[in-house]
Each structure stands twice: as structure tokens, then as C-alpha cells.
Amino acid sequence: MFFHIVLERNMQLHPRFFGRNLRENLVSKLMKDVEGTCSGRHGFVVAITGIESIGKGLIRDGTGFVTFPVKYQCVVFRPFKGEILEAVVTLVNKMGFFAEAGPVQIFVSKHLIPDDMEFQAGDMPNYTTSDGSVKIQKECEVRLKIIGTRVDATEIFCVGTIKDDFLGVINDPAAG
Amino acid sequence: MLAEASSSKGECEHPGSFGNMCFVCGQKLEETGVSFRYIHKEMRLNQDEISRLRDSDMGFLQRQRKLYLVLDLDHTLLNSTILRDLKPEEEYLNSHTHSLQDVSGGSLFKMEFMHMMTKLRPFVHSFLKEASEMFVMYIYTMGDRPYARQMAKLLDPKGEYFGDRIISRDDGTVRHQKSLDVVLGQESAVLILDDTENAWPNHKDNLIVIERYHFFASSCRQFDHKYKSLSELKSDESEPDGALATVLKVLKQAHALFFENVDEDISNKDVRLMLKQVRKEILKGFKVVFSRVFPTKAKPEDHPLWKMAEDLGATCATEVDASVTHVVAMEMGTEKARWAVREKKFVVHRGWIDAANYLWKKQPEENFSLEQLKKQQGTEEE
């Protein structure tokens, strides 16, 4: 799920960046430091959308660096257990399939794929129903349910299922 | 349903984990089971699940009439060298490298970004094409993961032979050792092709040892050979008669024996036994006596050379008699050697047995006479 939230961070800036462009330098350093990172609490920071406030700078003893408390708005992405997501399949093998929803890597085990879908090996490994009407292969879009999440410093891993109603393939690239 | 297992966590068997979460119920798990990094760095499977996957696979193998083949890279399918190690006599190679944009048809590649040059072994493309019709293939190398992936791109640009089945030293479970523990196939259905026997301490019966491919001078140096490398001699292994062509024949034989009876349930068959059978045909019918080849204190039957001869189908004995066909000696003056000459039996040095083992075919005895050995030793001393 996406959230639009306000976060705060203490940014350290070297005096060489002071002057007319101080604010710009501060903001671009913030973006470089924060966009694309993860935290357990907020998830993946997708993009900074605005700066709410920049507090007074404090010179640090002994170094000359200045610390600015910055409040900024950003869009974060955090999957939750129980959430329904759409993801793109990246790899299919006999253990199940891997899919990606943006920065989130999801694994759906064979145990959580409907029993009537069989693994077909070959050039383009896939899971297919016995009548061939539904096929899960690389580049497919699937709707899945998250049953567990884990957040790292830079990555988010999820375990998912498609065994419930209304889950599974939503767009077959092979179809016309 | 398993998806609702959060309320019945006690019943979930936790067959494996992704990111330290059980991939059936989502519960957080300590690191258990075997790491399958080559599939995904966060993937782990417990032993029961590995067995289940291997068992469920048998039906697929039966229908496809396929077995598993695990292939080593260095000195088996190719030879690589660091650019810095190229000798002046090898500099000419720099102008013969093939494009990396479209690798089909090429066999010599330069990868500046890895500071490396790689030469594919002759016949490797035909080998992979034909083997892929009989085997699901894995790469298993002691190189690191980026090296393994790059070599796979050279050998298999379409990803049709190996898929995601590329195991590097970063994916193995025990350092400096290769094992079938991360291969998702029954051990009774796996053959291995590697130039280094000791890399596979637990799977010697699955292993076909292939002659090392030394193209670059650095490779010869590494193994302490005094001879010039193929690149320095501006030569190469023969395509139709080379090691890969020979091994392909052996693979075809073992595969044919395994799937001999079309409808037979293969879960009772063992490809290791098929391999033994193929090997036992090589020196079948010959009786060998060894003369001053083994240290006197040891039991001859325990010596690796004795066992090798028996594995090749020969009968071994300690005393001569009329049924003996070959005497293996390292010098002409021994009693048994003189007996052999009198009785018009073959006298060969141990290379005759080693060659049969490596080349999967009985070799002409004339090429392994003791005069040959003396000549060879003479040139080595010079």
C-alpha cells in the first residue's frame, strides 16, 4: 500500500555548500540519501514530494558541519500481511514463482498455487490449468495476497498466495 | 486452507523459507534447512521439502525421458585466463576474439570488464545441444556468481540449456567442495561431468572425469605442465575425436540403458549403475597382472589402479597363468615382464589403463609399450 507521510531527518551539511544554494543543496542531498531506501516502520521511500520545513542549523562542535532538522513529505510503499497486490512475474520454477511489485520481491510457493495448476518445464516455464485456460509465466500480471513481509535496509521481501478466490492471473501477455 | 494457517500455525510443516518467513504460513523462522542461493538469495528449503521436490520430479523425467547432468566449467567446457597472464606467443589471440553482442558461432571471447579471455572447448555447442535432449542440465562451478553467469551467457545465450540452474561457489553449502545437495533431482538420476575428481567427495559414483582442457599457457602453468599450451602451438583439440565427443557417446549409452524399457517405472533405476555397466565394457575379457607397480607392503587389491582396471571390466590377478592377456610393468627386467615376452602377451605401462579410463575405450597396446615410456622419460630429463 502507498502512503503519503511526513518524515523528519537531521541532515548534515558541509560549509562548502552554504551560500545562495544552501536550500537546494540540502534538498538534493536529502533526496540522494533517502529515496530508494527502506525502513521497517515506513517501508520503501519512493519519492520525496515536498519540503515542509527546514529548522535552524546547528554548528557541530569540532567539525564545522551544520545539522539541519528537515521535515519532508514523501510517498512510501509498504506491503502488509493480508493485503492484496498486483505484481509482475519474474521467474517460474518447480518451487513456485517470483514476482515483483515495484521494489518488493514476492515469492509464491507451489503449495499456495491452486492444486489444478501444474508446472510445465521448458523454454518458458509456467504453471497451467489442466484445460490450458490459465497460464502463469514470466511477464504475467498476477493478483496475490501477502501472507508475510520482511523489510531490510534496501529491500522488502514478501511471501504470497494465489490460492484464494479472485486471485491469480489478471493479464496474460500471450493473449491477443 | 494453508493460506489461513496463521490461525493453525502449529500444523504448518514450514517446508522452507523466503526472507526468513515460512513461505506457506508467513511465520518468521530462524535459518533452517539448506540455502538455495542460486535460485534466490533468500530461499531456503528443509530436507523433507527437498525430498518431496525430487520425488515429484520423477514423473516429469519419465515422461520426458530425461536425466540430470551437472557440468563443471573450467577445464571441462572451457578454459579462461586473466588477460595479464597471456604470454607474448599468445598475443595473436587478441585479434581473433568473437563479438560479445552475438555469441553464436564464436569460441574465443575477451571480456575486458572482467580482465579475462575465455576459450570454449571444441565441440561444446554440439555437445550441449545433443545433451540437452537427454538431460536437464546444471552448471556447477568453483568460480564466483558473476563469472558463472557470464560463462552461461557465452555457452547458452538463449538460456535454453541451463535456465536458472547455475550454481557457483557462492551458492555451494560447503567451501571448496561440490555436492548434489542443492540439485533438485534424485541422486540416482544425476550424472556429473568434471575434470577434478576430488571436488566431489560424496558423489564419485555419479562422476564422469574428463581430461582437462588446457588452452592457455597460464592453465598449463597452473597444473605444472612443462608442455606448450594449445594456444602457443596454434592448435586445438580435435572436434570429432576430442574429449567432449567421447563423453557424449558415454552419456548416450548410459541414457539408453536407463530408458531401455519404455514403460518401466524409473524410480527403481539408478544411473550410477548404468555408468558402471558402460565402464565395465571397456576392458571386458582381458586379464591383467601387475609387476612391481604396487608397493610390496600394501595389498594389491586395494590399490586404486587395480580397482580402476576392475571397474573397466578387466580381471586382475597377482600371479601369471595362461589366461593372462596383459602384464602391466614399469620396467622390462622383471620376471613377469620377461614371462610375458616369452608367452607373447602384451607388456604395457600403467598409462594403458589410465588412458582406457579417460578415453572410455581400450587403446592400442603399442602406444603404451615400455620403450615408449623410456623415450618419454628421456625427453623429460633433457
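A:Asp33 is a handy place to start in this predicted model: with a relative accessible area of 28%, A:Asp33 is partly exposed. Its partner in a salt bridge is A:Lys29, at 3.2 Å from N to O. A:Lys29 is partly exposed too, at 28% relative accessibility. Why are A:Lys29 and A:Asp33 separated by about one helical turn? Because they sit four residues apart in helix α1 (residues 22-34) of chain A.

**Where the chains meet**

Now for the two chains together. On the chain A side, 25 residues are in contact with 30 residues of chain B. Between them the chains bury about 2300 Å², and 67% of that is on carbon and sulfur atoms. Three residues stand out here: A:Lys94, A:Met95 and A:His111 supply 27% of the area that chain A buries against chain B, more than any other three residues.

There are polar links as well. Ten residue pairs are in polar contact between chain A and chain B (both at pLDDT 80 or more). The count of salt bridges between the two chains is three. As for which elements give two or more residues to the side of chain A that touches chain B, they are β6, β8 (104-109), β12 (141-151) and β13 (156-161) of chain A.

**A few salt bridges up close**

Over all chains, the structure holds 28 salt bridges. Here are some of them:

| Pair | N to O distance |
|---|---|
| A:Arg150 and B:Glu42 | 3.1 Å |
| B:Asp57 and A:Lys94 | 3.3 Å |
| B:Lys269 and B:Glu264 | 3.5 Å |

Take the salt bridge between B:Asp57 and A:Lys94. The pair crosses between chains, running from helix α1 (residues 47-64) of chain B, where B:Asp57 sits, to the loop between β6 and β7 (96-101) of chain A, where A:Lys94 sits.

**A nonpolar patch**

Finally, have a look at the surface. A:Met1, A:Phe3 and A:Phe80 form a nonpolar patch there, with about 240 Å² of accessible area together. A:Phe80 is in the loop between β5 (66-77) and β6 (84-93) of chain A, and at 30% relative accessibility A:Phe80 counts as partly exposed.

Methods
Residues are numbered from 1 along each chain as its sequence is written. Chains are lettered from A and ligands numbered from 1 in the order in which they are written. This is a predicted model: local features need pLDDT of at least 70, side-chain atom pairs count only at pLDDT 80 or more; totals for chains, interfaces and linings use all residues. Side-chain values use heavy atoms; hydrogens and water are left out. Patches are made of residues with over 30% relative accessible area and no salt bridge: like charges are joined within 9 Å, nonpolar side chains (Val, Leu, Ile, Met, Phe, Trp, Tyr) within 5 Å. Accessible areas come from the Shrake-Rupley method with a 1.4 Å probe; for residues, only the protein chains shown count as cover. A salt bridge is a side-chain nitrogen of Lys or Arg within 4 Å of a carboxyl oxygen of Asp or Glu. Buried means under 20% relative accessible area, exposed over 50%, partly exposed in between (1.4 Å probe, protein chains only). Contact means heavy atoms within 4.5 Å. Buried area is the accessible area (1.4 Å probe) that two parts lose on being put together, summed over both. A polar contact is a pair of N or O atoms within 3.5 Å; within protein, one must be able to donate a hydrogen and the other to accept it, and residues adjacent in sequence count only if both atoms are side-chain atoms.
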